[in-house]
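Please open the structure in your viewer and keep the selection tool at hand.

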Amino acid sequence: MIENLCSKKEPVKGLKPLEDAQPGKVIMRFAPNPNGPPTLGSTRGIVVNSEYVKMYNGKFIIRFDDTDPQTKRPMLEAYAWYLEDCEWLGAVPDQVVIASDRIPLYYKYARQLIEQGNAYVCFCSSEDFKKLKDASKPCPHRNTSPQDNLAHWEKMLAGEYEAKDAVLRLKTDIMHKDPAIRDYGIFRIVKQSHPRPEVDEKYFVWPLLDFEGAIEDHELGTTHIIRGKDLMDSEKRQKYIYKYLGWQYPKTLHWGRIKMHEFGKFSTSTLRRAIEEGEYSGWDDPRLPTLRAMRRRGILPQAIRKFMIDMGVGETDVSISMDTLYAENRKIVDPIANRYFFVWDPVELTINDAKPRTARPPLHPTENKGYRCINVGDRVLLCKDDVEQLTVGSRIRLKDLYNVEITSLAPLQAKYLGDEVANLKKERMKIIHWAPIDGIPVKVLSPEGEFKGIGEKQIATELDKVVQFERFGFCRIDSVGAEIVAYFTHK
RNA sequence: GCUCCGGUAGUGUAGUUCGGCCAAUCAUUCCGGCCUUUCGAGCCGAAGACUCGGGUUCAAAUCCCGACCGGAGCACCA
């Protein structure tokens with residue numbers, strides 16, 4: 001009873017239940033065109049689809065919709081990138097399908113539709129057809145007999161027509177009130193080789209998305225489709241195919257556009273060009289919204305999953321800030337990241353009367369993870385930013401070392417003031433971090449540019465881990481050598 | 001031009017299906033305070049929204065109509 005009263009108010013966490021979802025029977029797919037690496041945008045499709053499949057103990061399929069060798073030409077490496085990134089995200093597919101391997105299957109159904117009189121080969125120019133279509137008028141080829149259409153189709157397949165000479169259209173309803181639905185094209189001629197060597201120049205006739213997707217969704221047994229709002233019309237179009245073939249259409253869900261504040265509009269093709277021109281270092285340049293870049297920067301897959309799942313499936317277009325993703329990541333990373341000193345734009349400070357000693361700052365302020373050891377003589381390095389705040393007489397605390405008082409600015413010198421930590425606040429002493437003069441050079445690559453400086457030698461033990469450079473931010477240690485390269489994660 | 005979809009705080013999101021329990025959820029952001037040998041974390045507090053106008057109703061964020069705003073489709077792209 002009491003539970004009843006309280007339950008109504010409880011907010012539903014996670015994804016909402018799927019309509020008509022039978023546990024164990026749900027089949028969903030993520031269908032990218034591998035014409036570039038996965039980005040944060042694609043990630044939504046990977047995470048949400050795979051999460052639903054997990055919820056219902058179903059089957060998750062990745063299907064490469066790579067049926068355009070020309071305009072949105074697939075990139076050979078990207079097939080593997082998608083699989084890698086899916087695995088990283090904890091969304092290992094139960095099945096992988098490549099559309100360009102299954103062209104004969106599409107031909108089979110095309111033939112069936114032609115024989116039924118539900119598809120016809122159209123020789124209109126696209127402009128002419130559009131005019132007729134917009135006026136709800138059938139084109140002259142609409143009434144061609146199935147026999148003749150079949151003959152034309154065979155010629156298409158044999159390469160006897162050139163690109164743009166002919167297309168195969170589905171007969172829908174030329175009077176349909178929505179012009180987007182009327183007799184749309186399902187196959188066109190593209191005489192260009194496919195990037196996959198297995199396919200290469202095998203085909204002259206390629207299916208268009210609505211056809212390829214419709215056939216595959218049925219063949220794969222897809223029960224639920226989640227796709228962008230921009231493909232809402234696809235459902236209306238594809239239902240004609242399903243009707244003609246006597247199939248049952250999957251349940252659909254749509255989401256709006258997702259845009260990240262920090263990344264303006266970008267398309268895979270413009271990014272690709274910018275990379276080729278050297279504007280970016282590669283697809284994992286920390287300034288890019290690709291998953292590879294996120295991974296390199298130390299954004300953890302769990303954070304991305306949570307971020308995407310919390311966003312849910314809404315038809316509203318969303319424009320979201322990376323801060324939210326960073327907040328999720330910080331929650332995960334903060335308790336496990338070891339702390340280190342990294343001094344950018346270093347300036348040397350000499351403590352005239354200092355005795356050598358070994359500083360032992362904790363690896364973590366709250367977790368009991370041990371200490372790091374830094375040997376200090378009579379000189380340390382400070383950040384230029386901090387030094388600029390100093391005047392002769394400034395008293396500062398060198399974090400986890402000792403207190404000093406500035407005695408000279410140029411050269412920068414100080415005198416030892418004691419180890420006492422109790423009165424720092426009372427004396428309003430600023431606590432600043434430092435680095436040993438024999439530290440290791442560190443370069444940090446961040447979306448805002450590069451930071452160069454010196455860090456503790458022990459950072460070299462953290463390869464591939466996310467650490468926190470105190471008073472700087474979290475970073476992933478990318479490579480270790482004479483110089484350490486780190487990728488900035490977030491504050 | 002034709003067609004479709006959406007509009008809850010700065011940003012996401014819950015609630016909209018089957019009107020009342022919504023003076024509206026949660027998170028993030030921002031601000032204030034506490035704590036802390038990091039400008040991190042933690043703790044406490046505060047601010048902040050139903051696009052507008054009509055209608056139906058005892059009662060509307062929720063239903064209807066209109067306007068406005070935003071997005072999308074009408075490709076031989078995906």
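The model is predicted: local features need pLDDT of at least 70, side-chain atom pairs count only at pLDDT 80 or more, and totals for chains, interfaces and linings use all residues. Residues are numbered from 1 along each chain as its sequence is written, chains are lettered from A and ligands numbered from 1 in the order in which they are written, and side-chain values use heavy atoms, with hydrogens and water left out.

How many aromatic pairs does a search of the whole structure find? It finds 23. Rings of Phe, Tyr and Trp (its six-membered ring) pair if their centres lie within 6.5 Å; planes under 30 degrees apart count as stacked, over 60 as edge-to-face and the rest as tilted.

First, select Tyr109 and Trp247. Their ring centres are 5.1 Å apart and their planes stand at 85 degrees, so this pair is edge-to-face. Tyr109 belongs to helix 4 (residues 103–116), a helix being a DSSP run of H or I with at least four residues, while a strand is a run of E with at least two, both numbered from the N terminus. Trp247 lies in the loop between helix 8 (232–245) and strand 9 (251–255), 138 residues apart from Tyr109. Tyr109 is buried at 8% relative accessibility, and Trp247 is buried at 16%; buried means under 20% relative accessible area, exposed over 50%, and partly exposed in between (1.4 Å probe, protein chains only).

Next, select Phe469 and Phe472. This aromatic pair is tilted, with 6.4 Å between centres and 50 degrees between planes; both residues are buried.

Finally, select Phe129 and Arg169. Arg169 lies over the face of Phe129, 3.4 Å from the ring centre; a charge sits over a ring if NZ of Lys or CZ of Arg is within 6 Å of the ring centre and within 35 degrees of the ring normal.
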